[in-house]
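Please look over the sequence and the structure below before reading on. The paragraphs after them go through a few local features in turn.

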Amino acid sequence: MEHDLSKIDQIIDKYKGDEGILIQVLQDVQTEYNWLPEDALAKVCQRLEIPLSQGYSVATFYKAFSLTPRGRHLVSVCLGTACHVRGGPKIMAKVESQLGINDGETTDDLKYSLEKVNCLGCCALGPVIVVDGEAHAKVAVSKVGDLLEAYQ
Ligand code: FES
């Protein structure tokens with residue numbers, strides 16, 4: 001799939017003259033596309049005159065970067081021990097069936113990505129779901145549908 005790469009020039013021009021801008025540029029590119037498409041990464045490396053392998057090694061080193069399409073909304077379901085005993089697996093199963101994807105996947109319309117996480121540090125509030133950084137505590141299976149639909 002080809003992407004509109006015209007924004008890449010604008011992003012790089014913004015940092016013109018600055019040293020060591022690769023990570024900052026990649027962050028901006030990821031913000032623009034919501035992930036790092038291969039053609040965008042190649043264009044960044046070409047413009048910065050660095051090997052594509054260097055771009056890949058930075059993009060794969062930092063967990064914040066994604067080389068696969070990511071949805072506009074990131075849904076993280078906690079399956080740490082406390083959330084697990086409070087019904088986390090049932091919440092995960094409901095989210096999976098609601099979105100039609102499994103852990104680590106993204107919906108075809110690029111609306112949602114799903115990931116399981118191990119403890120978000122608020123165990124007393126389990127089971128916990130985080131959507132786009134916003135935590136939802138003591139989530140009931142029956143509320144999962146409404147909760148996700150709020151992020152259309
Ligand atoms: S186990 Fe889920 S927040 Fe700690």
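This is a predicted model: local features need pLDDT of at least 70, side-chain atom pairs count only at pLDDT 80 or more; totals for chains, interfaces and linings use all residues.

Within α6, the residues Gly 88, Ile 91, Met 92, Lys 94, Val 95 and Leu 99 are buried. Viewed down the axis of α6, these buried residues fall within an arc of 165°, so they line one face of the helix. The cover over them includes the strands β1 (73-78), β2 (112-117) and β3 (129-131), together with the helices α5 (81-85) and α7 (144-149). Just after α6 comes Gly 100, which takes a positive phi of about 75°.

Two packed helices are described by the angle between their axes and the distance between the axes. For helix α3 (residues 38-48) and helix α4 (residues 52-61), the axes come within 9 Å and cross at roughly 120°. That angle makes α3 oblique to α4, and the crossing is right-handed. On the α3 side, Leu 41, Ala 42, Val 44 and Cys 45 meet Leu 52, Gln 54, Gly 55 and Ala 59 of α4.

Cys 83 lies in helix α5 and counts as buried because 27 other C-beta atoms lie within 10 Å, where the cut-off is 20 or more. Leaving aside neighbours within four places in sequence, Cys 83 is in contact with Cys 78, Gly 88, Gly 126, Pro 127 and Val 128. Cys 83 and Cys 123 are 40 residues apart in sequence, while their C-alpha atoms are 6.5 Å apart in space.

Conventions. Residues are numbered from 1 along each chain as its sequence is written. A residue is buried if 20 or more other C-beta atoms lie within 10 Å of its own, exposed if 12 or fewer, and partly exposed in between; C-beta atoms are placed from the backbone. Helices (H or I, at least four residues) and strands (E, at least two) are DSSP runs, numbered from the N terminus. The arc is that of the directions from the helix axis to the C-beta atoms. Two residues are in contact if their C-beta atoms, placed from the backbone, lie within 7 Å. Axes are lines fitted to C-alpha atoms, for helices over the stretch in contact, and angles run from 0 to 180 degrees between N-to-C directions. Angles under 35 degrees count as roughly parallel, over 145 as roughly antiparallel, 65 to 115 as roughly perpendicular and the rest as oblique. A crossing is left-handed if the near helix is turned anticlockwise from the far one by less than a right angle, and right-handed if clockwise.
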